[in-house]
Amino acid sequence: MLFFSVRNKVIKPESSDKEAEGAYEADLAEELCGHHLPQQSLKDCSDGPDVIIEAHLGDSDSEDGHGNTQNTLLDGVKKLSVCVHGEGKEDAGEPDRKDESASSSQDTRALSEKSLQRSAKVVYILEKKHSRAATGVLRPLADKSSELFRKYALFSPTDHRVPRVYVPLKDCPQDFVSRPKDYANTLFICRIVDWKEDSNFALGQLAKSLGQAGEIEPETEGILTEYGVDFSDFSSEVLECLPQRLPWTVPPEEFNKRRDLRKDCIFTIDPSTARDLDDALSCRPLADGNFQVGVHIADVSYFVPEGSELDKVAAERATSVYLVQKVVPMLPRLLCEELCSLNPMTDRLTFSVIWTLTPEGKILDEWFGRTIIRSCTKLSYDHAQSMIENPAEKIPETALPPVSPEHSSEEVHRAVLNLHGIAQKLRRQRFADGALRLDQLKLAFTLDQETGMPQGCHVYEYRDSNKLVEEFMLLANMAVAHKIHQAFPDRALLRRHPPPQSKMLSDLVEFCEQMGLSVDVSSAGALNKSLTKTFGDDKYSLARKEVLTNMYSRPMQMALYFCSGMLPDQEQFRHYALNVPLYTHFTSPIRRFPDVIVHRLLAATLGCGGPPDVEPEALQKQAGHCNDRRMAAKRVQELSTNLFFAVLVKECGPLESEAMVMGVLNQAFDVLVLRYGVQKRIYCNALALRSHHFQKVGKKPELTLVWEPEEPEQEPVQQVITVFSLVEVVLQAEAAALKYSAILKRPGAEGCPGPRGEGARAEEDEEEED
């Protein structure tokens with residue numbers, strides 16, 4: 001948690017993009033290096049157009065800047081407006097003119113919106129959340145004659161957002177000074193212990209040697225350590241909280257406390273490799289033509305007593321972390337994969353939400369309670385999809401997993417089809433009611449079973465079987481949210497999704513208008529309709545949809561867990577993307593701790609558990625921690641995907657693909673590589689160009705590339721790059737460990753182009769961050 005000193009910089013509206021970009025990068029570099037920008041007094045504003053106004057955020061200031069800070073800033077702007085636009089000349093004796101007051105007010109408002117670049121500096125760290133750990137390599141200092149050379153080595157982090165670090169030589173391997181090249185490709189973990197304001201370099205201590213850079217396991221361990229993921233074995237104190245008598249069976253007293261659903265046709269639908277099965281579905285036709293539909297969730301809270309060592313470690317981990325090759329579990333594997341997992345033909349404790357639904361998905365009745373189920377089969381998404389795509393055909397027994405003798409594959413098939421039909425109508429109604437979904441391309445890998453190395457990859461396909469499960473999980477989460485909030489209006493753990501950042505969104509709308517695209521962002525539903533309207537089904541139209549979806553994901557804020565008693569305005573509870581007033585997470589307690597808390601709240605609501613013994617402030621603190629760990633887990637998952645894709649490019653590349661241009665700068669452009677869903681920046685100085693020229697046609701950025709001819713007698717080839725241009729790119733490995741770049745193919749060329757030369761691109765901008 002940080003306290004910020006907020007500053008607003010008055011910028012010239014007429015300054016070029018290049019100047020503005022340079023000013024921004026200069027400010028960023030200053031902040032990264034620990035230097036504070038000098039504050040200018042109001043009297044000195046004639047020295048230049050950039051004037052810093054500083055204001056401190058207090059408790060009364062709102063997060064969106066509409067509190068007292070805004071007034072302070074506006075007052076400062078009013079004092080500066082004449083100075084800035086009048087080239088430093090201000091006539092103190094000029095009388096006020098009443099007929100200019102309205103115009104002046106409008107000008108000030110316009111200035112505050114368009115000409116102020118907000119910036120900030122950290123003035124106090126209230127709570128440390130970053131691990132202060134970084135992965136990187138060691139090298140000797142360049143200046144051998146300096147005093148520092150005899151005391152320190154230089155640690156260069158893999159993540160360029162982290163500063164370089166001086167590490168005492170006593171922390172380094174004994175022969176590092178005499179044989180530094182032996183460690184050139186060794187990954188180390190370094191922990192930052194200090195960073196002086198007046199230094200570009202931090203001070204740190206080496207914590208661990210991981211192994212060779214470029215190898216999957218050392219790189220993975222480095223990622224987990226950097227983001228503070230606890231991947232250690234569970235302690236004996238934690239394991240003692242688990243049932244000691246194995247194999248475990250449902251205690252007889254539980255049958256008196258729960259509804260027995262073991263004879264119902266209940267089944268799971270999960271990825272084929274899943275081992276932590278925490279949700280199951282059922283669908284029974286009723287005599288009146290309606291359906292009894294159930295969502296059954298593993299009762300993890302039964303095995304995790306509140307206040308126990310197991311509860312404490314689960315609360316601290318807060319989430320399971322999914323890597324390409326493995327899972328770092330929130331709970332011990334005995335719980336995740338055995339006692340709580342809804343494995344087929346095994347009695348399991350569950351929490352169920354059961355509805356009576358019409359075929360159109362209208363809710364006629366709703367029941368919540370603790371249950372005991374026995375899943376009749378474990379379906380994969382592929383199995384369910386096959387059933388959906390072949391409604392009238394009997395699926396061969398050999399193509400399906402085993403089904404318990406009490407039920408048949410035909411019964412399961414009918415249930416899947418009925419659920420699919422209801423889910424389609426629920427989904428259609430959700431989007432008619434104003435929901436938004438931004439599907440982005442995600443990579444899935446094929447791994448060698450022996451080595452664990454990636455053999456191939458493909459963009460994960462989101463199909464009807466995925467949508468079926470999603471609809472009923474959403475329905476259960478919304479139902480439980482209303483139930484616990486009604487019972488505990490001040491102590492319900494809910495999940496809200498704030499609206500997108502308005503400035504970024506309006507800038508994006510303006511950009512799309514310049515490109516001839518009209519996008520309605522007045523609501524989540526309007527945005528969804530704009531992004532899903534038919535552009536055509538040709539290759540270009542589908543690619544443009546992907547790019548637009550990616551662009552409009554950027555202004556979106558993250559959804560957040562919160563305690564209902566800590567937000568005074570219930571309008572803030574809303575979930576923007578789902579467009580619903582109340583939402584929570586109930587359906588994945590094996591891998592998310594907030595779901596465990598929600599289960600306890602639901603148990604208390606139903607009278608089968610004690611009232612929540614937690615104050616709103618404490619619940620909010622836990623919610624904040626869960627938000628932090630979820631964000632870290634998401635980033636770790638992305639980095640794991642990037643790691644495996646980089647290995648794939650190194651082992652199997654170069655890889656060719658079509659790409660669509662997402663943004664154009666004066667010396668580079670960004671592309672979305674359509675075959676793999678990755679984004680890369682292509683620099684002009686990495687291409688075999690004779691020249692390049694940037695211009696704006698109206699307000700549309702345009703980069704003209706003039707390629708060197710392949711033969712002396714040939715004419716140079718021109719290529720114009722604009723947003724939504726389709727281009728051919730090649731992804732190729734670099735000399736640096738697990739780095740790859742995108743190179744533009746020459747128009748009309750066959751095969752893979754080579755780069756102009758090593759290092760012909762901005763080192764600090766290798767990876768673009770969301």
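This is a predicted model: local features need pLDDT of at least 70, side-chain atom pairs count only at pLDDT 80 or more; totals for chains, interfaces and linings use all residues.
## Strand pairing

Strand 28, residues 726–733, takes part in two antiparallel pairings. On one side of the account stands strand 22 (residues 655–664), which is joined to strand 28 by 6 bridges. Within this pairing, M660 is placed opposite L726 of strand 28.

The other pairing links strand 28 to strand 29 (residues 740–744), again in the antiparallel sense, over 5 bridges. Here V730 has I743 of strand 29 as its bridge partner.

## Salt bridges within helices

The model contains 34 salt bridges. One of them connects the side chains of K257 and E254, with an N to O distance of 3.8 Å. These two residues are 3 residues apart in helix 6 (residues 254–257), and are therefore separated by about one helical turn.

R333 is partly exposed, its relative accessible area being 40%, while E337 counts as buried at 17% relative accessibility.

## A salt bridge between a strand and a loop

R690 and E708 form a salt bridge in which the closest N and O atoms are 3.7 Å apart. R690 is located in strand 25 (residues 689–697), and E708 in the loop between strand 26 (700–707) and strand 27 (717–721), so the pair ties together parts that are 18 residues apart in sequence. E708 is partly exposed, with a relative accessible area of 32%.

Beyond such pairs, there is also a network: R427, R430, R437, D439, E470 and E471 are joined into one by salt bridges that share partners.

## Surface patches

A patch of negative charge on the surface is formed by E306, D613, E615 and E617. Of these residues, E306 is situated in the loop between strand 12 (291–298) and helix 7 (309–317). E306 is exposed, with a relative accessible area of 57%.

A nonpolar patch on the surface consists of V123, Y124 and L126, which together have about 280 Å² of accessible area. V123 is part of strand 3 (residues 116–125). With a relative accessible area of 41%, V123 is partly exposed.

V596 is found in helix 15 (residues 593–605). At 2% relative accessibility, V596 is classed as buried, because this value is under the 20% cut-off. In sequence, V596 and D311 are 285 residues apart, yet in space the C-alpha to C-alpha distance between V596 and D311 is 9.5 Å.

Technical notes. Residues are numbered from 1 along each chain as its sequence is written. Side-chain values use heavy atoms; hydrogens and water are left out. Patches are made of residues with over 30% relative accessible area and no salt bridge: like charges are joined within 9 Å, nonpolar side chains (Val, Leu, Ile, Met, Phe, Trp, Tyr) within 5 Å. Accessible areas come from the Shrake-Rupley method with a 1.4 Å probe; for residues, only the protein chains shown count as cover. A salt bridge is a side-chain nitrogen of Lys or Arg within 4 Å of a carboxyl oxygen of Asp or Glu. Lys and Arg count as positive and Asp and Glu as negative; His and the chain ends are not counted. The place of a charge is taken as NZ of Lys, CZ of Arg, CG of Asp or CD of Glu. Helices (H or I, at least four residues) and strands (E, at least two) are DSSP runs, numbered from the N terminus. Buried means under 20% relative accessible area, exposed over 50%, partly exposed in between (1.4 Å probe, protein chains only). Two strands pair if DSSP finds at least two bridges between them.
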